[in-house]
Amino acid sequence: MNVPGIRRSISQDGIRLLTPDGERTPHPEYACDPSPDELRSLYRDMALARRFDAEGVTLQRQGELGLWPSLLGQEAAQVGSVRALRDGDRVFPSYREHAVALGRGVDPLALLRLFRGVDHGAWDPDAHDFHLYTLVIGSQTLHATGYACGMAKDGADSAVIVYFGDGATSQGDVAEAFNFAAVWDAPVVFFCQNNQWAISEPNERQTRVPLHQRAQGYGFPGVRVDGNDVLAVQAVTRAALEHVRSGRGPFLIEAFTYRMGAHTTSDDPTRYRDAAEVESWRAKDPLLRLARLLRAEGAADDAFFAEVEAAGEALAARVREGVRTMPSPGPEELFDHVYAQQHSGVARERAEFAAYQSSFEGV
Ligand SMILES: Cc1ncc(C[n+]2csc(CCOP(=O)(O)OP(=O)(O)O)c2C)c(N)n1
Ligand SMILES: [Mg+2]
């Protein structure tokens, strides 16, 4: 079996097409040369995702959301990979893939409904080929593998991509998914966003080897890409999708990136990581380096950046207004979504709950 990428020596940062200074650096195997229009649109998507994400944090702080997991720092990993997908490819996210969701056309307010506790996920996975968020770490890798096997049996030439974190690689589910996908040549791209932390657990407590090398033990290719380089992420994800589509089995991408914010709004990262580490990653900011390229190549001017900023503010205003005016569900609505159809056991429990609730009337 030809397993490209496994023995290639790579820098710690991974495959890179754009340096942190915004200079192009060609790679012998991977190329991505978007038109100025496409470059601007990659920047725009990353900037809008960042602005939306900042609004999520603010809304949680104002008590409008129960929780918000920020994607800050991971915009290139997410935008680059979602842009590599074709219509009909299926996405299985974890819970931080807001930029991927936006890229699949999911309404930002649908994401906020989940984190406001208004429902359990308000989008139709079939309409967007974007599955529901999964908070049980790593379990979506199994769902994705099964789905990919089904797709292959149906004869579709579509692919599956599944997002998970560095910490998730310590879960048994991920090991099982890797093995099952390898043995069955499942058309699935395992996309690990290595953001260096699993809440307060650093990378070195998850693995003795670089994560992309895990694939070798299962018999499929794995590469590390600079996850803050949107061009490299897009090129590598495209190649990985092509590989899995052609029936050669799964592919692992380790997108080497950094979680610039807290794990979620419930976390205080200053208790377990150094400010100097965060600063060193700030210099590799994915938006900054693309902005530098755009300016250096004359593909964008002040007016462009001002227009993107204004679009971000308009998006933030829309979601703020939308969240504040979301109707609150009654507690009995919990029973509506247990099964797709009516179920006598659930109906009985619903009636008991209603009777219990009405016992408070007049109290
Ligand atoms: C099965 C399971 N175990 C533990 C948790 C608690 N938990 C939530 S997030 C998290 C860390 C995940 O880290 P990583 O996979 O690196 O993803 P990241 O949050 O960094 O994107 C843990 C342990 C969980 N949600 N599910
Ligand atoms: Mg992580």
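## Contacts to ligand 1

An oxygen atom of ligand 1 sits 3.3 Å from a side-chain N or O atom of histidine 263. The protein leaves part of the ligand open: it covers 69% of the 590 Å² of accessible area that ligand 1 has on its own. The model is predicted.

Tyrosine 95 also makes a polar contact. One of its polar side-chain atoms lies 2.5 Å from an oxygen atom of ligand 1. Isoleucine 137 uses its backbone instead. There, an N or O atom is 3.1 Å from a nitrogen atom of ligand 1.

## The shell around ligand 1

The shell holds 15 residues. Those that come nearest are Tyr95, Arg96, Leu135, Gly167 and Ala168. Sorted by class, eight residues of the shell are nonpolar, five are polar and two are charged.

## The magnesium site

Ligand 2 is a magnesium ion. Its protein donors are Asp166 through OD, Asn195 through OD1 and Trp197 through O. They lie 2.1 to 2.2 Å from the ion. Along the chain, the donors of the magnesium ion follow the spacing D-x28-N-x1-W.

## Cysteines

How many disulfides are there? The count is zero, with a disulfide taken as a pair of cysteine sulfur atoms within 2.5 Å.

Cysteine 149 has a relative accessible area of 16%, so it counts as buried, the limit being under 20%. Cysteine 192 is buried too, at 1% relative accessibility.

Notes
Residues numbered from 1 in each chain as written. Chains lettered and ligands numbered in written order. Predicted model: local features only at pLDDT ≥ 70, side-chain atom pairs only at ≥ 80, totals over all residues. Heavy atoms only, no water. Near = heavy atom within 4 Å. Polar contact = N/O pair within 3.5 Å; in protein donor to acceptor, adjacent residues only side chain to side chain. Areas by Shrake-Rupley, 256 points an atom, 1.4 Å probe, with all protein chains shown as cover. Nonpolar A, V, L, I, M, F, W, Y, C, P; charged D, E, K, R; others polar. Donors = N, O, S within 2.8 Å, 3.2 Å for Na, K, Ca; no water. Buried < 20%, exposed > 50% of the residue type's maximum accessible area, 1.4 Å probe, protein only.
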